[in-house]
Amino acid sequence: MPPGITIAADAPELSAANTGFMLICSALVMLMTPGLAFFYGGMVRVKSTLNMLMMSFISLGIVTILWVLYGFSVAFGTDHGSLFGWEGDYVGLSGLGINQLWDGYTIPVYVFAVFQLMFAVITPALISGALADRVKFTAWALFVALWATIVYFPVAHWVWGTGGWAFELGVIDFAGGTAVHINAGAAALGVILVIGKRVGFKKDPMRPHSLPLVMLGAALLWFGWFGFNAGSWLGNDDGVGALMFVNTQVATAAAMLAWLIYEKLRHGACTTLGAASGAVAGLVAITPAGGSCSPLGAIAIGAIAGVLCAMAVGLKFRFGYDDSLDVVGVHLVGGIAGSILVGFFATGGGQSKAQGLFYGGGLDQLWKQLAGVGAVLAYSLIASAVLALLIDKTIGMRVSEDDEVAGIDQVEHAETAYDFSGAGGGRAPRTTVPAPGEDGAQTTAQVQRNKKVDA
Amino acid sequence: MKLITAVVKPHRLDEIKEALQAFGVHGLTVTEASGYGRQRGHTEVYRGAEYTVDLVPKIRIEVLVDDDDAEQLIEVVVKAARTGKIGDGKVWSVPVDTAVRVRTGERGPDAL
């Protein structure tokens with residue numbers, strides 16, 4: 001988030017335009033989480049589709065409640081030691097007036113809180129892609145709650161909160177390269193190092209079951225990302241949001257093309273999954289950088305990230321860690337690429353006056369970016385691995401091997417994504433109950449239900 | 001009686017059906033099948049990971065015929081199924097002891 005740009009003499013007033021714009025941006029960012037669910041859901045096998053969708057969707061429930069209760073306070077409350085915040089009025093969002101403005105801006109605190117909430121929701125959901133097919137749903141829900149509390153809320157404070165150490169140091173993270181993508185990617189790596197590989201990793205075929213779902217998810221992500229990125233200036237008064245919107249589009253396009261070209265040269269085909277993955281890699285990489293680079297710089301950042309991520313997704317086979325859907329390869333690598341490239345491509349004419357290496361700024365911004373990347377990566381990796389270990393030792397992180405092979409959807413959710421049943425597949429639920437007197441009296445609700453069924 | 005079984009490319013089904021009707025066959029059974037012969041399968045790439053798909057989609061057509069018609073019918077099916085490209089499939093026949101029409105109880109050639 002940008003530092004306060006107004007001076008005391010011209011205290012900001014509520015802007016209907018900015019408030020409306022930010023509410024729409026918040027809704028766009030919300031849509032990214034179900035978009036992510038489809039992006040991931042299409043990439044898994046048929047038997048784990050619902051679990052994959054649910055791992056993202058549950059974050060909308062858990063993190064929303066935690067955010068209102070204390071998350072917003074920890075992330076954006078008054079600073080304590082540059083590490084976390086706390087503000088009594090933010091607890092339960094209870095001490096706020098509906099017209100009370102976010103400090104230094106023209107939008108209400110409620111609007112800022114809800115916009116930031118959507119970031120907090122999607123970040124843990126991003127991690128789930130690495131854990132496909134094998135994690136107990138309750139263990140995952142607990143992990144989301146703990147991870148948001150111990151990792152996301154403080155890291156958001158470091159990077160965006162006034163007084164946070166990275167913010168004060170001058171690390172540029174426009175919309176979440178470190179706080180969201182490196183954070184989630186490193187967490188994914190930490191957790192999979194603890195819980196281990198899927199049964200049959202590198203032996204059984206694990207082809208995506210629905211590439212159209214993947215494309216739908218990627219398209220929703222791309223669309224929602226305009227809110228994620230262009231909204232991160234918290235208003236529309238000076239063109240930085242518009243620059244960010246343009247950069248988001250061009251970097252994503254460049255990354256998609258770069259991934260496809262790499263694939264065509266390396267594997268002989270331009271794949272659908274490659275197009276979707278390349279687009280997401282571009283979106284990830286431009287997230288920290290788009291407020292400070294030019295559109296030509298955005299093309300370069302997108303293209304570099306596209307190629308790097310396309311190369312990185314194969315690492316799991318080489319090193320033998322099972323990052324099911326390449327959260328490390330796309331989000332961690334893409335986030336690192338974008339965050340570091342800020343140190344090269346920052347023009348000094350966008351969100352910040354800082355200039356990168358290519359624009360005469362020397363190494364100053366570059367080392368700040370490296371410090372931000374390294375700290376978030378290390379903290380998230382270690383804290384997430386410890387959390388996973390704790391949960392694994394208590395309630396257990398993984399489903400049994402038999403259940404994993406049979407399919408996690410049936411075991412954890414008592415459902416299956418698609419009805420492929422042929423002869424003898426499934427029986428109709430019992431729709432009638434014994435008449436009163438035969439087998440006890442019916443309740444009123446039973447009678448009404450039966451009437452509906454009969455009708 | 002003979003049971004003629006043909007495992008062929010799915011897109012030849014209409015031609016084979018028409019040829020069989022022209023020959024005077026009254027009924028047949030079609031099943032979706034998968035398999036491979038000498039052509040093997042194909043390769044798919046997902047984020048650089050290559051998967052070999054061995055089994056390719058086929059259809060399996062089964063027809064019961066009188067012994068006298070069997071050879072000629074095999075020729076009819078082979079001609080209709082042939083594209084000349086690899087993966088055209090196989091046709092074979094096996095002897096059948098008994099056939100019964102369920103509705104009437106007729107047996108043997110009368111049941112065809």
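Start by selecting Y51(B) and M206(A): in this predicted model, a polar atom of the Y51(B) side chain lies 3.4 Å from the backbone oxygen of M206(A).

Stay on Y51(B) and colour its strand. Y51(B) sits in β4 of chain B, residues 49-53. UniProt, in an unreviewed entry, lists "modified residue: O-UMP-tyrosine" at Y51(B).

Is Y51(B) buried or exposed? Its relative accessibility is 16%, and buried means under 20%, so Y51(B) counts as buried. Now show its neighbours: leaving out residues up to four places away in sequence, Y51(B) touches P205(A), M206(A) and R207(A), plus H42(B), T43(B), E44(B) and Y46(B).

Select R207(A) and E44(B): they form a salt bridge, with the closest N and O atoms 3.1 Å apart. Across the interface of chain B and chain A there are two salt bridges and five residue pairs in polar contact. On chain B's side, β3 (42-46) and β4 are the elements that give two or more residues, and β4(B) gives the most, with four residues.

Zoom out to see both chains. Nine residues of chain B are in contact with 18 residues of chain A. The two chains bury about 1100 Å² between them, 61% of it on carbon and sulfur atoms. Highlight Y46(B), R47(B) and Y51(B): these three supply 69% of the area that chain B buries against chain A, more than any other three residues.

Last stop: helix α13 of chain A, residues 364-394. Just after α13(A), find G396(A), which takes a positive phi of about 85°.

How values were computed: Residues numbered from 1 in each chain as written. Chains lettered and ligands numbered in written order. Predicted model: local features only at pLDDT ≥ 70, side-chain atom pairs only at ≥ 80, totals over all residues. Heavy atoms only, no water. UniProt positions renumbered as here; feature names shortened; annotations may be inferred. Buried < 20%, exposed > 50% of the residue type's maximum accessible area, 1.4 Å probe, protein only. Contact = heavy atoms within 4.5 Å. Polar contact = N/O pair within 3.5 Å; in protein donor to acceptor, adjacent residues only side chain to side chain. Expected span 1.5 Å × (residues − 1). Buried area = accessible area lost by both parts, 1.4 Å probe. Salt bridge = Lys/Arg side-chain N within 4 Å of Asp/Glu carboxyl O.
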